[in-house]
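Please look over the model shown here before reading the report on its chains, domains and strands.

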Amino acid sequence: MKRRDFLKSGMAGSAAFALSGLTLLSSGKAQAAISNISFTAEGSNKTMVDGSSIFVWQFNDANGTGPGALTSGLVVNEGDSVNVTVTNNLDRAINFVIPGVMANTPSVSPGASRTYSFTAPAAGSYFYTDGVNGEIGRAMGLAGPMVVMPADGSNALYSGGPAFDRQYTLFMSDLDDRLNAAVANGGSYDMNNYEPNYFFANGLSFPDTTTGGDTLVSMGVGEDVAIRFMNGGCVTYPMHFHGYHVNVASRNRVVETSVIEKDSVQVELSSCVDVILPVAQAGVFPLHTHYVPGVTAGGVYPNGGLILMSAS
Amino acid sequence: MFELKELKMNHRGGRGGGGGGSTGGGTTGGTTTGGRTFSFLRAPASLNVNMNGSAIMADGASIRTWTFGNGFNDDRSVPSPVIEANQGENVEVTLNSMMEHTIHLHGLDVDQQNDGVPATSFAVGGEGNSNTYTYQFVAPHAGTYMYHCHVDTHKHFEMGMFGTIIIRPTDGSTNRVWDNGPTFDKEYIWQLTTFDTTWHSGGGMGGAVLQRYRPNYFMINGKDGANAVNDSTTAITGAAGQKVLIRINGTSYLPGIVRMGGLQFEVIASDGRPLAVPYITTEQLCCAGERYDILVTMPASGQYSASIEYRDIRNGKALGTASTTLTVV
């Protein structure tokens, strides 16, 4: 069963900063369930692919450290009751918001905990983040993916929507190490000066994106593979597929009806774009931002937001 | 599974070395037949690499460039030559290079062997590599595509190693966009182009760390300012009522908003595929890697300012605008 593949890949591995660490809250059952999750907002130094050490913030879950600047993921079913308890170990207040689901939630003070409850919305791709610190929270890493599966248990992007054989979540993000250094040193930073120089897919930088888990896009020829792009960064991501055209299914959960067949898919700020990739040929092909300076880490190419697709 | 080729992750910036091979080779289409306003190479095409090129800006600045070329008197230095083939043909594009380069056939969905990515196939030129390779593919769908070097792409693309591939309909028609598709009277290519000249300094060589792309020249087809107005492959002319096809190619790292001076136009295709539902608009965003084919019906009279406004990927602010004219003649 392909769903099992997804579950399996989502839970694979535990090495910090080596896997995307999607946390699965539901068992994939069709009936609504109650999901309880605990996140701890923490700051820590992470070793980048080029060896540099950069201070980042994360929402960590109890099941293991999420990756990089980076993130833990939620997968829930439409209609689930979800309770996310956030313990704030940062030096400033934060909150927990999901654009399109809940905004302007109460903040949680440093050292305190607060539970954020919501009913899982219509099936689709979402992301969660901190809404108190503006873009700085996101740039420092307080963001992650949320996938809502249809209530009927189908492998579809939404109830009655395009079906798929496998699915991958590619959560794109970036950081400007000058911001991270300022925050680490207790200083301030003007986001108007933000120019990222590290780029990630699921918190990983190439070639760490290729080492397995759920960021190496493994596919079978003839399959329809769903890829969910979520822009959790602070720049836009024009994602280019080598080897394939894809069908854009929806942008921010609005069905695309005009510009569908694409090899380059723009993922705007704070946006989610779902595509179906009909796997028409075997081979290994890159999938990367065509803002090619984003295929770097600290200016070194090829790192950054470069993903490989492997079809056999 | 697969094995990655040598990744060469540790060198920073460009690697040293001289230019590519000599000029020559290739089949030239050359003339501006059909509705074309530009020169082109008819596949099979043969490309060399010129790493001693220069692009002259409207303010007189000479910017070092690297380009693909074949020695024929192309009308552009940057971008590299236009290549044409017909849908369904077996297409061959040969790269000759002493230095390490590739041709990635962007959007043509070629097989892994011909994808032009060193990490998943191989590079042409450089130590241990053959100095020539003929990329082969079957052109799948009539439309607008891109080719570019995929070695140290952030650097080589910026230096000018990119161009447009046009796949004509099966019958080779030059007044129809795709088989049984819309017709047109004139045809232009608008390739989004920006330069961060610090990335071109030192002849494109040197060990500078290339990060934080900050372009300071904003162009159409490698032309800025008055050069974009005076370039007959960029400035749009046509008789009243003529249908003008403009192939917009996202060959800048930045997104650009294309406008025809407020005139309405029809967006008919993107990324080499007809749109499911074409639409009418006065502006079209084209992001890095994307292509859009638009049809403008020339108005009764007048001259308009047609432009590309480049946007910051960070906050959407306008960073610079390249303008030319649309003139009814």
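Which residues point one way from S9(A), which point the other way, and are they buried or exposed? Arg166(A), Tyr168(A), Leu170(A), Met172(A) and Asp174(A) point one way from S9(A), while Gln167(A), Thr169(A), Phe171(A), Ser173(A) and Leu175(A) point the other way, and all are buried. A residue is called buried if 20 or more other C-beta atoms lie within 10 Å of its own, exposed if 12 or fewer do, and partly exposed in between, with C-beta atoms placed from the backbone. In a regular strand the side chains alternate between the two faces of the sheet.

This is a predicted model, in which local features need pLDDT of at least 70 and side-chain atom pairs count only at pLDDT 80 or more, whereas totals for chains, interfaces and linings use all residues. Residues are numbered from 1 along each chain as its sequence is written, and chains are lettered from A and ligands numbered from 1 in the order in which they are written.

Strand S9 (residues 166–175) of chain A is largely enclosed by the rest of the structure, because ten of its ten residues are buried. Helices (H or I, at least four residues) and strands (E, at least two) are DSSP runs, numbered from the N terminus. The pairings of S9(A), where two strands pair if DSSP finds at least two bridges between them, are set out below.

| Partner of S9(A) | Sense | Bridges | Bridge partners |
|---|---|---|---|
| S12(A), residues 224–231 | parallel | seven | Leu170(A) and Phe229(A) |
| S10(A), residues 198–201 | antiparallel | four | Leu175(A) and Tyr198(A) |

The domain assignment of chain A, which is automatic or taken from a database, gives domain 1 (2–161) and domain 2 (167–311). Between them, 42 residues of domain 1 of chain A are in contact with 40 residues of domain 2 of chain A, contact meaning that the C-beta atoms of two residues, placed from the backbone, lie within 7 Å. On the side of domain 1 that touches domain 2, H2(A) gives the most, with six residues.

Turning to the two chains, 41 residues of chain A are in contact with 38 residues of chain B. The largest share of the side of chain A that touches chain B, four residues, comes from S19(A).

In chain B, Lys243(B) lies in strand S13 (residues 243–249) and counts as partly exposed because it has 18 C-beta neighbours inside 10 Å. Although Lys243(B) and Leu295(B) are 52 residues apart along the chain, their C-alpha atoms are separated by 6.4 Å.
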